[in-house]
Amino acid sequence: MTYRPRSLLALAILVLSALPGAARAQTATSPSSTVSIEQVWSRATPKSASTAAIYMTLVNKGPADDRLIAASTPVASIAGLHEMTVDANNVMKMRPIEGGIPVGTGGSATLKPGGLHIMLEGLKAPLEAGQSFPVTLTFEKAGTVQVTATVQGPGAAAPPAMGGMTHDMTHDMNSMGAAPKTP
Ligand SMILES: [Cu+2]
(Lines give C-alpha, C1' and ligand atoms only; values in the text may rest on other atoms or scores of the structure.)
Protein backbone atom coordinates (compact mmCIF):
# COMPACT_ATOMS: atom_id res chain seq x y z
CA MET A 1 0.00 0.00 0.00
CA THR A 2 1.37 3.43 -0.84
CA TYR A 3 1.11 6.40 1.44
CA ARG A 4 1.50 9.90 0.14
CA PRO A 5 1.85 12.73 2.60
CA ARG A 6 -0.41 15.65 1.80
CA SER A 7 2.55 18.02 1.38
CA LEU A 8 4.12 15.80 -1.24
CA LEU A 9 0.87 15.66 -3.17
CA ALA A 10 0.58 19.44 -2.99
CA LEU A 11 4.14 19.79 -4.23
CA ALA A 12 3.41 17.42 -7.08
CA ILE A 13 0.39 19.47 -8.08
CA LEU A 14 2.48 22.65 -8.03
CA VAL A 15 5.18 21.09 -10.17
CA LEU A 16 2.68 19.63 -12.61
CA SER A 17 0.76 22.85 -12.98
CA ALA A 18 4.03 24.64 -13.75
CA LEU A 19 4.63 22.24 -16.64
CA PRO A 20 1.50 22.42 -18.76
CA GLY A 21 2.99 20.51 -21.68
CA ALA A 22 4.67 17.79 -19.65
CA ALA A 23 3.39 14.33 -18.99
CA ARG A 24 1.17 14.24 -15.97
CA ALA A 25 0.74 11.71 -13.26
CA GLN A 26 -2.44 9.79 -13.86
CA THR A 27 -2.79 8.16 -10.50
CA ALA A 28 -4.08 9.91 -7.42
CA THR A 29 -4.53 8.64 -3.93
CA SER A 30 -6.16 10.59 -1.17
CA PRO A 31 -3.78 10.80 1.80
CA SER A 32 -6.24 8.99 4.05
CA SER A 33 -7.83 6.97 1.32
CA THR A 34 -7.54 3.40 0.26
CA VAL A 35 -9.10 4.00 -3.13
CA SER A 36 -6.71 4.93 -5.89
CA ILE A 37 -7.86 6.54 -9.09
CA GLU A 38 -6.03 5.71 -12.28
CA GLN A 39 -6.15 6.94 -15.88
CA VAL A 40 -8.55 9.84 -15.57
CA TRP A 41 -9.38 10.98 -19.08
CA SER A 42 -11.93 12.65 -21.27
CA ARG A 43 -12.41 13.39 -24.95
CA ALA A 44 -12.07 16.57 -26.93
CA THR A 45 -15.43 18.12 -27.84
CA PRO A 46 -16.58 20.20 -30.79
CA LYS A 47 -17.21 23.88 -30.15
CA SER A 48 -20.98 23.50 -29.96
CA ALA A 49 -20.96 20.63 -27.46
CA SER A 50 -22.46 21.15 -24.04
CA THR A 51 -21.80 17.62 -22.80
CA ALA A 52 -18.76 15.39 -22.30
CA ALA A 53 -17.81 12.35 -20.27
CA ILE A 54 -14.97 11.46 -17.90
CA TYR A 55 -13.54 7.97 -17.64
CA MET A 56 -11.18 6.37 -15.11
CA THR A 57 -10.37 3.27 -13.13
CA LEU A 58 -11.08 3.07 -9.40
CA VAL A 59 -9.09 0.55 -7.37
CA ASN A 60 -10.03 -0.27 -3.80
CA LYS A 61 -6.98 -1.50 -1.88
CA GLY A 62 -8.64 -1.02 1.48
CA PRO A 63 -10.34 -3.42 3.87
CA ALA A 64 -13.90 -2.24 3.24
CA ASP A 65 -16.27 -1.85 0.32
CA ASP A 66 -16.66 1.70 -0.88
CA ARG A 67 -18.56 3.59 -3.54
CA LEU A 68 -18.18 6.69 -5.63
CA ILE A 69 -21.17 8.83 -4.77
CA ALA A 70 -20.52 12.22 -6.38
CA ALA A 71 -18.25 14.17 -8.70
CA SER A 72 -17.72 17.78 -9.61
CA THR A 73 -15.46 19.83 -11.86
CA PRO A 74 -15.11 23.52 -12.60
CA VAL A 75 -15.39 22.89 -16.37
CA ALA A 76 -19.08 21.93 -16.25
CA SER A 77 -22.09 22.93 -14.23
CA ILE A 78 -23.18 19.32 -13.64
CA ALA A 79 -21.12 16.14 -13.21
CA GLY A 80 -23.36 13.11 -12.81
CA LEU A 81 -22.70 9.40 -12.43
CA HIS A 82 -24.12 7.60 -15.46
CA GLU A 83 -24.21 4.18 -16.98
CA MET A 84 -24.74 3.06 -20.54
CA THR A 85 -27.03 0.14 -21.18
CA VAL A 86 -28.37 -1.62 -24.26
CA ASP A 87 -32.13 -2.18 -24.25
CA ALA A 88 -34.12 -5.02 -25.84
CA ASN A 89 -34.13 -3.19 -29.18
CA ASN A 90 -30.34 -2.89 -29.13
CA VAL A 91 -30.54 0.83 -28.54
CA MET A 92 -27.92 2.31 -26.26
CA LYS A 93 -29.27 4.42 -23.47
CA MET A 94 -27.69 6.12 -20.55
CA ARG A 95 -29.13 6.83 -17.19
CA PRO A 96 -28.05 8.22 -13.84
CA ILE A 97 -26.83 5.59 -11.41
CA GLU A 98 -28.83 5.50 -8.22
CA GLY A 99 -26.69 5.04 -5.13
CA GLY A 100 -23.31 5.56 -6.78
CA ILE A 101 -20.68 3.30 -8.32
CA PRO A 102 -19.64 0.47 -5.97
CA VAL A 103 -15.96 -0.48 -5.62
CA GLY A 104 -15.68 -3.63 -3.52
CA THR A 105 -12.70 -4.24 -1.26
CA GLY A 106 -9.85 -5.66 -3.29
CA GLY A 107 -11.75 -4.84 -6.45
CA SER A 108 -11.96 -2.15 -9.06
CA ALA A 109 -14.46 -0.35 -11.24
CA THR A 110 -13.68 0.95 -14.69
CA LEU A 111 -15.46 3.92 -16.18
CA LYS A 112 -15.08 3.71 -19.95
CA PRO A 113 -16.83 4.55 -23.21
CA GLY A 114 -19.96 2.43 -23.56
CA GLY A 115 -20.25 1.79 -19.83
CA LEU A 116 -19.97 3.70 -16.60
CA HIS A 117 -18.97 7.34 -16.95
CA ILE A 118 -19.12 10.70 -15.28
CA MET A 119 -21.44 12.79 -17.41
CA LEU A 120 -20.65 16.45 -17.79
CA GLU A 121 -23.50 18.76 -18.66
CA GLY A 122 -23.32 22.49 -19.11
CA LEU A 123 -19.74 22.49 -20.38
CA LYS A 124 -18.35 25.98 -19.89
CA ALA A 125 -15.89 25.70 -22.79
CA PRO A 126 -15.00 23.04 -25.34
CA LEU A 127 -12.51 20.43 -24.14
CA GLU A 128 -9.34 20.48 -26.23
CA ALA A 129 -6.98 17.58 -26.77
CA GLY A 130 -3.93 17.94 -24.53
CA GLN A 131 -5.79 20.05 -21.99
CA SER A 132 -6.26 18.88 -18.43
CA PHE A 133 -8.76 19.85 -15.75
CA PRO A 134 -9.43 19.08 -12.10
CA VAL A 135 -12.11 16.66 -10.96
CA THR A 136 -13.27 16.19 -7.38
CA LEU A 137 -14.54 12.73 -6.50
CA THR A 138 -16.48 11.92 -3.36
CA PHE A 139 -16.48 8.40 -1.95
CA GLU A 140 -18.76 7.10 0.76
CA LYS A 141 -15.84 6.05 2.97
CA ALA A 142 -12.66 7.39 1.35
CA GLY A 143 -14.09 10.89 1.28
CA THR A 144 -13.05 13.53 -1.21
CA VAL A 145 -10.23 12.99 -3.69
CA GLN A 146 -8.88 15.50 -6.22
CA VAL A 147 -7.75 14.11 -9.55
CA THR A 148 -6.74 15.56 -12.91
CA ALA A 149 -8.40 14.51 -16.14
CA THR A 150 -6.42 14.69 -19.37
CA VAL A 151 -8.26 15.30 -22.61
CA GLN A 152 -7.60 12.88 -25.46
CA GLY A 153 -8.55 13.24 -29.13
CA PRO A 154 -12.23 13.36 -30.13
CA GLY A 155 -12.54 9.67 -31.03
CA ALA A 156 -10.25 8.22 -28.37
CA ALA A 157 -11.38 4.84 -27.10
CA ALA A 158 -8.91 4.63 -24.26
CA PRO A 159 -6.10 6.63 -22.68
CA PRO A 160 -2.77 6.26 -24.55
CA ALA A 161 -1.19 4.07 -21.89
CA MET A 162 -3.88 1.49 -22.55
CA GLY A 163 -3.64 1.84 -26.35
CA GLY A 164 -4.59 -0.93 -28.67
CA MET A 165 -8.06 -1.57 -27.33
CA THR A 166 -10.13 -2.78 -30.21
CA HIS A 167 -13.69 -2.13 -29.27
CA ASP A 168 -14.87 1.42 -29.02
CA MET A 169 -18.52 1.23 -28.11
CA THR A 170 -18.88 4.73 -29.53
CA HIS A 171 -20.81 6.25 -26.72
CA ASP A 172 -20.23 9.47 -28.52
CA MET A 173 -21.37 12.20 -26.22
CA ASN A 174 -20.60 14.81 -28.83
CA SER A 175 -23.06 13.61 -31.41
CA MET A 176 -25.72 12.91 -28.82
CA GLY A 177 -26.09 16.60 -28.13
CA ALA A 178 -29.34 17.05 -26.28
CA ALA A 179 -29.71 13.43 -25.32
CA PRO A 180 -32.93 12.49 -23.57
CA LYS A 181 -32.55 12.59 -19.84
CA THR A 182 -34.28 10.53 -17.26
CA PRO A 183 -35.95 12.91 -14.84
CU1 LIG B 1 -24.08 9.92 -19.73
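Why does S50 count as partly exposed? S50 counts as partly exposed because 17 C-beta neighbours lie inside 10 Å; the class falls between buried (20 or more other C-beta atoms within 10 Å of the residue's own) and exposed (12 or fewer), with C-beta atoms placed from the backbone. The model is predicted: local features need pLDDT of at least 70, side-chain atom pairs count only at pLDDT 80 or more, and totals for chains, interfaces and linings use all residues. Residues are numbered from 1 along each chain as its sequence is written.

**Overall architecture**
- The chain contains two helices and 11 strands, where helices (H or I, at least four residues) and strands (E, at least two) are DSSP runs numbered from the N terminus.
- Along the sequence, the elements follow the pattern α-β-β-β-β-β-β-β-β-β-β-β-α.
- Of the chain's 183 residues, 30% count as buried.
- Among contacts (C-beta atoms, placed from the backbone, within 7 Å) between residues at least 6 apart in sequence, 68% join residues at least 24 apart.

**Strand pairing around β10**
- Strand β10 (residues 132-139) pairs with β4 (residues 66-72) in the antiparallel sense over four bridges; pairing requires at least two DSSP bridges between the strands.
- The bridge partner of A71 is L137 in β10.
- Strand β11 (residues 143-152) is also antiparallel to β10, over eight bridges, and S132 stands opposite T150 in β11.
- Three residues separate β10 and β11, which form a hairpin.

**The surroundings of S50**
- S50 lies in the loop between β2 (35-43) and β3 (51-60).
- Beyond its neighbours within four places in sequence, S50 is in contact with E121, G122 and L123.
- S50 and A125 are 75 residues apart in sequence, yet their C-alpha atoms are 8.1 Å apart in space.

Technical notes
Contact = placed C-beta atoms within 7 Å.
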